[in-house]
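Colleague: I would like a close look at one part of this model. Please start there and then connect it to the rest.

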Amino acid sequence: MLSSTLQPPNVCLSRGGDTAKRKRLKGEAAARGDRRCLRAEGLRSVSGARMDARAGPPEMTAPPCRVAEAPGCPHSTPHRGLLGRASTVLGLLAVLGLGIVTITHLLVQVSPPSACCQLHSKEEPLGSWEALGRETQPQKDSCQLILAESFPQDLPYAAGSPLAQSLAQAWLQLLDTAQESVHVASYYWSLTGSDIGVNDSSSQPGEVLLQKMQQLLTRNVSVAVATSGSAPARNSTDLQVLVAHGAQVRWVPMQQLTGGILHSKFWVVDGRHIYVGSANMDWRSLTQVKELGAIIYNCSSLAQDLEKTFQTYWVLGAPHAILPKIWPQNFSTHINRFWPFRGLFDGMPTTAYFSASPPALCPHGRTQDLDSVLAVMEDAREFLYVAVMEYFPTTRFRRPARYWPVLDNALRAAAFGQGVRVRLLVSCWLHTDPTMFPYLRSLQAFSNPSAGVSVDVKVFIVPIGNHSNIPFSRVSHSKYVVTEKTAYIGTSNWSEDYFSSTSGVGLVLHQRAPQGRLGPPPVQEQLRQLFERDWHSRYAVGLDGHTLGQDCVWQG
């Protein structure tokens with residue numbers, strides 16, 4: 001399978017060690033024509049001589065030469081007199097310069113561009129991978145991608161409408177694959193109706209999921225949970241139940257660390273399988289809230305990369321943890337928007353990477369979530385569809401509020417400068433802040449079809465029906481972007497705080513179907529079909545339309 005994983009450099013000769021072994025290894029390197037190792041070894045020999053001068057004479061006063069001596073390499077016979085010493089010094093300087101140029105060239109070639117955070121030479125001490133085992137090497141992958149979604153009960157669509165896999169079914173199947181470990185990052189947990197004092201049959205899928213996790217623990221499958229230290233669902237006993245069965249749980253104090261919350265929603269199973277999407281660990285996410293996410297099976301390269309983001313939460317949830325100024329190297333990644341993972345998903349060439357927020361939780365190489373969203377929008381040439389729960393070109397939780405038009409400007413630039421058809425589908429429910437609607441009207445007013453500028457905005461309203469007894473439900477909670485080239489599936493609402501202080505992740509995918517291939521279309525085409533299904537449904541209302549006040553705070 002294709003992969004963008006960087007191969008480790010060839011191991012050159014060690015600085016110390018047995019002289020005979022060093023000569024034998026140098027001979028083997030020479031036989032391979034491995035000039036890089038010999039040059040690096042020459043540089044290390046010179047450096048070693050300087051470093052060891054106080055302790056005694058260095059083992060070698062000149063870098064070793066290959067059997068067939070190259071021009072510029074000093075002769076192995078010691079010279080005498082002033083001319084001999086001058087030649088030796090010049091030879092050392094030449095090799096030193098050559099070594100520096102060679103190493104600089106290699107670093108420029110091998111190091112991935114810094115996608116979000118600058119790498120410094122010194123690293124903050126930080127506990128690594130504590131209690132969760134060591135990082136494992138990626139295995140041979142046969143990656144498979146499935147989109148999964150949930151619908152609130154009593155939300156029928158027209159016959160023949162495209163559908164993704166049921167999220168409740170997908171989660172249970174994902175747990176069925178677990179053999180060793182399940183790591184879950186979620187804002188909060190509320191998988192039983194009793195958590196919120198509701199007796200309703202729609203809570204059953206969540207309760208079955210919680211029982212499934214308890215069964216995994218009895219089979220010695222490790223379960224680790226990172227959740228927000230300031231999470232809602234205060235009366236939930238889910239995590240206490242899991243801890244009693246042996247699960248490990250850490251509450252991450254994001255408010256004290258970054259000023260936000262842990263809002264990420266993803267799973268990593270056995271270091272090989274992944275879920276990422278909008279759904280919290282809440283029974284309402286399965287039967288009373290509209291959600292969308294992706295399941296990736298048998299893809300250890302991506303799973304272990306997402307695991308690194310989980311580990312940032314895990315170490316920050318330890319007692320007395322502090323946010324490092326520079327993350328240790330083992331949290332870094334070489335998979336990002338500049339160097340995406342490349343592989344075959346069911347025979348379909350695919351590029352993929354994960355982004356993260358906030359910037360403080362982006363170790364070296366990790367693409368910032370905001371940058372990934374902007375890159376997807378900037379790359380669009382035909383259409384740009386966005387489905388998100390909230391849309392504010394401001395801060396939301398900081399007082400006084402600050403104007404933040406970054407994403408709003410990007411949508412306008414795509415429509416005006418790139419000639420892209422822009423559609424924004426935003427949710428409305430009883431808890432929507434009505435101050436959002438002037439911003440939506442402003443964006444809609446930017447549309448100018450006669451000038452080739454196309455911007456349309458609708459609100460998606462889930463009818464409450466006879467489910468008014470269930471609080472904080474009946475809403476579309478999805479957060480994704482799709483263009484003709486790319487699919488982005490995220491966990492963040494669209495306002496400044498979600499990208500600057502609150503944790504979130506995004507999965508960015510592009511697939512190219514080989515000509516004549518049978519089977520599902522590329523993921524961006526599947527996501528486009530789901531968006532257009534919702535856009536043209538009776539639940540999507542234009543800003544010039546009217547809606548019933550009991551289902552949405554907006555009156556139209």
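Is His320 buried or exposed?

Modeller: His320 is exposed. This is a predicted model, so every value here is computed from predicted coordinates. The relative accessible area of His320 is 80%. The cut-off for exposed is over 50%, so His320 counts as exposed.

Now place the residue. His320 sits in a loop. That loop runs between helix 9 (300-316) and strand 11 (341-345). Next, look at the backbone. The phi angle of His320 is near 65°. That is a positive value, and His320 is not a glycine. Why point this out? Most residues other than glycine have a negative phi.

Phe472 is not a glycine either, and its phi is positive, about 50°. Find Phe472 in the loop between strand 16 (454-461) and strand 17 (475-476). Its relative accessibility is 52%, so Phe472 counts as exposed.

Stay with the backbone and turn to the peptide bonds. Most peptide bonds are trans. Ser357 and Pro358 are joined by a cis one. Omega there is about -5°. Pro358 belongs to the loop between strand 12 (348-357) and strand 13 (367-368). Another cis bond leads from Arg399 to Pro400. Omega is near 0° in that case. Pro400 lies in the loop between strand 14 (383-388) and helix 11 (406-417).

Helix 11 brings us to the side chains. Arg412 and Asp408 both lie in this helix. They are four residues apart, about one turn of the helix. Their side chains meet in a salt bridge, 2.6 Å from N to O. Arg412 is buried, at 17% relative accessible area. Asp408 is buried as well, at 5%. The cut-off for buried is under 20%, so both values qualify.

The count of salt bridges comes to 14. Another one of them pairs Arg284 with Asp282. The N to O distance is 2.9 Å. Both of these residues are buried.

Now take a pair that reaches along the chain. Glu149 and Arg533 form a salt bridge, with 2.9 Å from N to O. Glu149 lies in strand 1 (residues 144-150) and Arg533 in helix 14 (residues 523-535), so the pair ties together parts that are 384 residues apart in sequence. Check their surroundings too. Glu149 has 3% relative accessibility and counts as buried. Arg533 is buried, with a relative accessible area of 7%.

Helix 10 covers residues 369-379. Eight of its 11 residues are buried, so this helix is largely enclosed by the rest of the structure. Asp369 and Leu370 are among the buried ones. Ser372, Val373 and Leu374 are also on that list.

His320 is exposed at 80%, while helix 10 is largely enclosed.

Note on methods:
Residues are numbered from 1 along each chain as its sequence is written. This is a predicted model: local features need pLDDT of at least 70, side-chain atom pairs count only at pLDDT 80 or more; totals for chains, interfaces and linings use all residues. Side-chain values use heavy atoms; hydrogens and water are left out. Buried means under 20% relative accessible area, exposed over 50%, partly exposed in between (1.4 Å probe, protein chains only). Helices (H or I, at least four residues) and strands (E, at least two) are DSSP runs, numbered from the N terminus. A salt bridge is a side-chain nitrogen of Lys or Arg within 4 Å of a carboxyl oxygen of Asp or Glu.
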